Amino acid sequence: MNILEKKSWSPYAVGAGIGVLSWISFLTAKKPIGITTAFENTAAGLGQRFAPKASGVNAYLAKNEEVPKLDWEWMLAAGVALGSWLSSTASGDREAERVPAVWASRFGSSSVTRDVGAFIGGALMMFGARVAKGCTSGHAISGTQQLAASSWIFSPVMAAAAAGVARALFGKAAARAH
Amino acid sequence: MRIEPAGKLILGLGTGVAFGALLQKGRVGKYEVILDQLLLRDATVAKVMGTAMAVGAVGVHALVQSGRATYDIKPLRLVSILGGAVLFGSGMAVTGYCPGTTIAAVGEGRRDAVAGLLGMLTGAALFVRAYPRMKPVLEAGDRGKVTLPKATRTSPWPWVAGLATTVLAFAVADRLRR
């Protein structure tokens, strides 16, 4: 059986694969793997193109070294969707619940409520990532492996905040569901 | 808008495809798996990230020391790191994916992740809008690109060996428990 047709691999094998991929990134692109800078560049680019006043993009560009660009990292972020699509199509792992059970146990089975929650959470998460200049990829994998002090502070604080909020939101409901 | 050469873009795409396929095979683009990690009922995410960090560290430090790559360290600014980590973690608990895994979940066909992706773009736009006013706060107390070895005047290798040993011991214990 082709390994791509398997629905899952050992988490250690996957982690080792991502580790080797970070060597390749450093060697070929001279950059660590990251995701969220591309979102900031895209938001600035879209603002510049469609709403230069309302987006406040000019004041941003005047004070920031980041510029709107289509670069290695942007293509990396896009490639993640393609790679996941290829992998899940090869294995037939594409039947996710429209509203996940843990979410439904607390907020009900409405897909609209779930999408609004995902939207708000996504916005908050991205805002936080850009405040800290990194995410679970840029800080918690790429930064920790380089032994960056900033990333070794970001990662445990982020994990504790995420676990605390998840427990506050779903702790009781999830316990009932089991 | 600045556009990088095609070779660099294709390299980014290829890296992203591999990253996305690994995330999908690791099952970390799934809401259930991430929430089970945050509620401390499953350690798949920790296994993937810990292994990626340790394996990555070995190669990245070797590449830098042999002159084939350079470190890319995010600055140590306590307000931005702590504030960003709390916002990021809170948002992640609500949306149920991190930025990279949101994109992987979109590739896997999860509709709630599409809402999360739009939220992420909105969060990036809000950051661009707020950046000029936040900049003095974000950059307060900047200690620069500090690494743990530099701060303690040690070689990176004991740190890397410590990371690798910890992850290896965890993996062996995990295997023996089954």
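Residues are numbered from 1 along each chain as its sequence is written, and chains are lettered from A in the order in which they are written. Because the model is predicted, local features need pLDDT of at least 70, side-chain atom pairs count only at pLDDT 80 or more, and totals for chains, interfaces and linings use all residues; side-chain values use heavy atoms, with hydrogens and water left out.

**Stop 1: chain A**

Select chain A and colour it by secondary structure. Chain A has eight helices and one strand; helices (H or I, at least four residues) and strands (E, at least two) are DSSP runs, numbered from the N terminus. Along the sequence the order is α-α-α-β-α-α-α-α-α. The C-alpha atoms of chain A fill a box of roughly 55 × 40 × 35 Å along the principal axes.

**Stop 2: the two domains of chain A**

Select residues 7-94 of chain A as domain 1 and residues 98-178 as domain 2. These bounds come from an automatic or database domain assignment. The C-alpha centres of domain 1 and domain 2 of chain A lie 18 Å apart. Twelve residues of domain 1 of chain A are in contact with twelve residues of domain 2 of chain A, where contact means heavy atoms within 4.5 Å.

The size of an interface is often given as the accessible area lost when the parts come together. Here, the two domains of chain A bury about 880 Å² between them, with 55% of it on carbon and sulfur atoms. Buried area is the accessible area (1.4 Å probe) that two parts lose on being put together, summed over both.

Now show the side chains of Lys133(A) and Glu65(A). They meet in a salt bridge, 3.9 Å from N to O. A salt bridge is a side-chain nitrogen of Lys or Arg within 4 Å of a carboxyl oxygen of Asp or Glu. The count between domain 1 and domain 2 of chain A is two salt bridges. Four residue pairs across this interface are in polar contact, both residues at pLDDT 80 or more. A polar contact is a pair of N or O atoms within 3.5 Å; within protein, one must be able to donate a hydrogen and the other to accept it, and residues adjacent in sequence count only if both atoms are side-chain atoms.

Which elements give two or more residues to the side of domain 1 of chain A that touches domain 2 of chain A? They are helix H1 (11-28) and helix H2 (36-50) of chain A. The largest share, four residues, comes from H2(A).

**Stop 3: the two domains of chain B**

Move to chain B. Domain 1 of chain B is made of 1-69 + 162-178, and domain 2 is 73-146. The contact takes ten residues from domain 1 of chain B and twelve residues from domain 2 of chain B. Their C-alpha centres lie 19 Å apart. Between them, the two domains of chain B bury about 890 Å², 62% of it on carbon and sulfur atoms.

Pick out Gly29(B), Tyr31(B) and Ile34(B): they supply 48% of the area that domain 1 of chain B buries against domain 2 of chain B, more than any other three residues.

**Stop 4: Lys30(B)**

Centre the view on Lys30(B). What does the side chain of Lys30(B) meet in a salt bridge at 2.8 Å, N to O? Within chain B, the partner is Glu108(B). Lys30(B) also forms a salt bridge with Asp93(A), the closest N and O atoms being 2.7 Å apart.

**Stop 5: the interface of the chains**

Show both chains. The contact takes 119 residues from chain A and 113 residues from chain B. Chain A and chain B bury about 10300 Å² between them, 74% of it on carbon and sulfur atoms. In chain A, Tyr12(A), Met125(A) and Leu147(A) lose the most area to chain B, together 8% of what that side buries.

Across the interface of chain A and chain B there are two salt bridges, and 35 residue pairs are in polar contact, both residues at pLDDT 80 or more.

**Stop 6: a strand pair**

Finish at residues 69-70 of chain A, strand S1, and residues 2-3 of chain B, also strand S1. The two strands pair in the parallel sense over two bridges; strands pair if DSSP finds at least two bridges between them. Lys69(A) stands opposite Arg2(B) in S1(B).
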